[in-house]
Each structure stands twice: as C-alpha cells, then as structure tokens.
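Please keep the 3D view open while you read.

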Amino acid sequence: MRKFKKAVSLFLTAAMALSFAACGGTTTAASSAAGSAAGSDAAASASSAADSAAPAESDLAYVQDKGTLVVGMTDFAPMDYRDENGEWIGFDADMAKAFGEYLGVEVEFLEINWDNKLMELDTKGVDAVWNGMTITDEVTNGASVSEPYCNNGQVVVLPADKAADYQTVESLSGLNFAVENGSAGAAQLDELGLNYVAKTTQADALMEVASGASDACVIDLLMAGAMIGEGTSYPDLTYTVQLNSEEYGVAFRKGSDLTDAFNTFWKEAYDDGTVMETATTYGVQESVIEK
C-alpha cells in the first residue's frame, strides 16, 4: 500500500521509544524510593508499583513474530465471500489483506461460529474479528474495537410478492423468521419478541426464506443490497422494514495495540483512496464513514 510500509516503521519506532521511556521512568522511581527508605515498606511498595507498571504483551509484536494475522469471519457478501477459485474476497477481506501488508504479515481467514467471536479472540484462535461486525455493548465490553468504518442497519427480507403486506414493524407479528445466531439481527428480533430459527450464517438465513422454510429473515442492509433483488442471487426477494441503524468496527483482544495500528492504517488508506476504491468495487461506497 502506497505509504503503509513507511507508516508502520514510524509506528513501531514511536512504540519502542515510548516503551523505553516507560521502562526508564519505572527504574528511576523504584531506585529513588529504595534510596530514601532502604529495606522499608516504602521501598517494597515502589517495587510492587514498578512490577504492576510493566507493559502488557504487545499484540502487534505477537502477530509480527508469528508472521500471520488470523481474521475471524463468516461467509457474508459483499464483505467476506469466496470467488470462483475459492479465495476469500469482499470489502472486508480485501482491506484485511491490505492491513496485513501494512503490518508486514500474511493474512489467514478463518470461518468461525459468530456467536463465539469474543471467545475466539480471548483464546487466540483469531487475532481480529472483521466481518461487518456491528459495534454493540457486548462487543465493546469484551474486546478492543476500532473506530467505526461503515454504516449499516438490520432489514427484514421476504418474498417480493408479499412485501406490500409487511411495511411496518407492527405488521411483522406472526411471521416466522430466520436469522444468524448471535447477530445484531437476532438481537433486534429478541427486542421485538418475534419468533425465529437461529442459523449459522446470514447466507443460511437467506436460503431459508428462498426455500420457503421461513417467512422472512433479518440480515444486514449491506448484504441485502448485494444479494437480493433483480440481477442478484435472489431476484425474487426484497427488503422492507429497516429495524435500526448501526456501525461496523473491527474487534481485537481487549487492550490490544493492534487497535491503534488499525486506526492509523485505515485513516491513511482512506486518505490515499484505497478505502473508497475497494468499497466501490463491492458496491458499498455509500456506507463508508468519512475520515
């Protein structure tokens, strides 16, 4: 990426400088305390403070040492999906590859159970969750989340020949829904008290409706724009009610320094046109948040 290698070099240099400064400050504080009250409780307290101030393990260094950034995701066009050769592509997938280049590592994509995304981060099964992930209280409480990069919403999808009867939230009562387990769409249906069957992915939820197994499904607006309607994989489906407005972010482990690295990367990629060029390729340019 045009300026990324230079940028990451500066990022790492700054991080090292801060680390050295922090270590030097800690040693001085501990030595001063020990000198003023050798063998005293004050010295012990200073030593304990120095230990607790030691820097946490760097996630950035961890990823660069192993040479791979493992990205947890699901099959979710137009963000992450496979092309005819089986390679992962999409707006998120392509930008994840660019982030890997920025960090100087390879990117490995791993399909995960979306309901277990935070556990996958905690156990280091993945290093990032990057898949049109809605920023929720649950996510921000359990992970370090990037600045938002796309706008989105949850929409009701159903057969086009039935759409006229379901134009309001109130009209949805009595429908049997399909929805991705643990998703923002499931949260909306829970809030409304509507019945649903939980599926592994949003693509599975769409197939439930297309096959007639469910009356409707709730999926992301970005996915609906790419997957349903004339000229798409599901020309006989449409969406009606938008249930909410939300934002996408990328999740890293709690306290991870990869979050700051991502935010720096994204701003530079937005400024040099990479973000909008990639978004236009996948038809999501109108949802990208200006930086």
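In this predicted model, Pro159 stands opposite Leu237, a residue of strand S12. The strands involved, S8 (residues 154-159) and S12, run antiparallel and are joined by four bridges.

Now step back to the whole sheet. It is open and has five strands in the order S10-S9-S11-S8-S12, with mixed pairing. Strands S10 (196-199) and S12 (237-242) stand at the edges; each has a single partner strand, so one side of each is left without a neighbour in the sheet. On average, neighbouring strands are turned by 35° against each other, direction ignored.

| Helix | Strands touched or crossed | Angle |
|---|---|---|
| H7 (residues 184-192) | touches S8, S9 (177-180), S10 and S11 (216-220) | about 135° with S9 |

Asn244 is found in the loop between S12 and strand S13 (246-252). Is Asn244 buried or exposed? Its relative accessible area is 17%, and the cut-off for buried is under 20%, so Asn244 counts as buried.

What does the side chain of Asn244 reach? It comes to 2.8 Å from the backbone nitrogen of Gln154. Leaving aside residues up to four places away in sequence, Asn244 touches Asn152, Gly153, Gln154 and Gln188.

Key
Residues are numbered from 1 along each chain as its sequence is written. This is a predicted model: local features need pLDDT of at least 70, side-chain atom pairs count only at pLDDT 80 or more; totals for chains, interfaces and linings use all residues. Side-chain values use heavy atoms; hydrogens and water are left out. Two strands pair if DSSP finds at least two bridges between them. Helices (H or I, at least four residues) and strands (E, at least two) are DSSP runs, numbered from the N terminus. Axes are lines fitted to C-alpha atoms, for helices over the stretch in contact, and angles run from 0 to 180 degrees between N-to-C directions. Contact means heavy atoms within 4.5 Å. Buried means under 20% relative accessible area, exposed over 50%, partly exposed in between (1.4 Å probe, protein chains only). A polar contact is a pair of N or O atoms within 3.5 Å; within protein, one must be able to donate a hydrogen and the other to accept it, and residues adjacent in sequence count only if both atoms are side-chain atoms.
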